[in-house]
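I opened this one up to look at some loops and a pair of helices. Here are my notes.

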Amino acid sequence: MAEIHDGYRYIIQRRRNNNIFFMCAARIPTLSTGRGIKTGNIFRLTRQHNHAPNHSLEEVVAFSRHLRRVCTSQIANTFDIYESLSQMYPQASRTMTWRSPQLNMRRWQRNFMNTLPRILSLTHLKLCFQTESNLKI
Ligand SMILES: [Zn+2]
């Protein structure tokens, strides 16, 4: 599980007592030595990074959470949901284009629809048939 602090993304290295030891998630491409320790809810940097922070990371997380919230509370076209929310997160939508969240968004929608009472979909189906037969007349 990753965490973001001040524009840097960290992965958990180990846990000991009440401390969680983190290291920079960008360690592989950047050779960053950035490290931190979290005690309770307090995070402190123990070793500096060798690269600039990316403050759009927080926005990407917020964007992703918002997409999930909408997908699990209403039925709509997932691309339309993405398009309308991306205007609220301009920086994040440049990093997280439609390609990356689309599968998750469909899954969230499917799970949400499965939680809806069956009767709703039956009523909906009936309405569809009615409209169809009305059209034939
Ligand atoms: Zn780093």
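**Ground rules.** I'm working with a predicted model, where local features need pLDDT of at least 70, side-chain atom pairs count only at pLDDT 80 or more, and totals for chains, interfaces and linings use all residues. I number residues from 1 along each chain as its sequence is written.

**Loops.** I looked up N17 and found it in the loop between β2 and β3 (19-24); helices (H or I, at least four residues) and strands (E, at least two) are DSSP runs, numbered from the N terminus. N17 isn't a glycine, yet its phi is positive, about 50°. Buried or exposed? N17 has 6 other C-beta atoms within 10 Å, so I wrote down exposed. (Buried takes 20 or more other C-beta atoms within 10 Å of the residue's own, exposed 12 or fewer, partly exposed in between; C-beta atoms are placed from the backbone.)

Then I checked D6, in the loop between β1 (2-5) and β2 (8-16). D6 also has a positive phi of about 50° without being a glycine. I counted D6 as exposed because it has 12 C-beta neighbours inside 10 Å.

**Helices.** Next I took α2 (residues 56-71) and α3 (residues 78-86), which pack at about 140° with axes 10 Å apart. (Axes are lines fitted to C-alpha atoms, for helices over the stretch in contact, and angles run from 0 to 180 degrees between N-to-C directions.) Which residues make the contact? From α2 I listed F63, H66, L67, V70 and C71, and from α3 T78, I81, Y82 and L85; contact means C-beta atoms, placed from the backbone, within 7 Å.

Key. Two residues are in contact if their C-beta atoms, placed from the backbone, lie within 7 Å.
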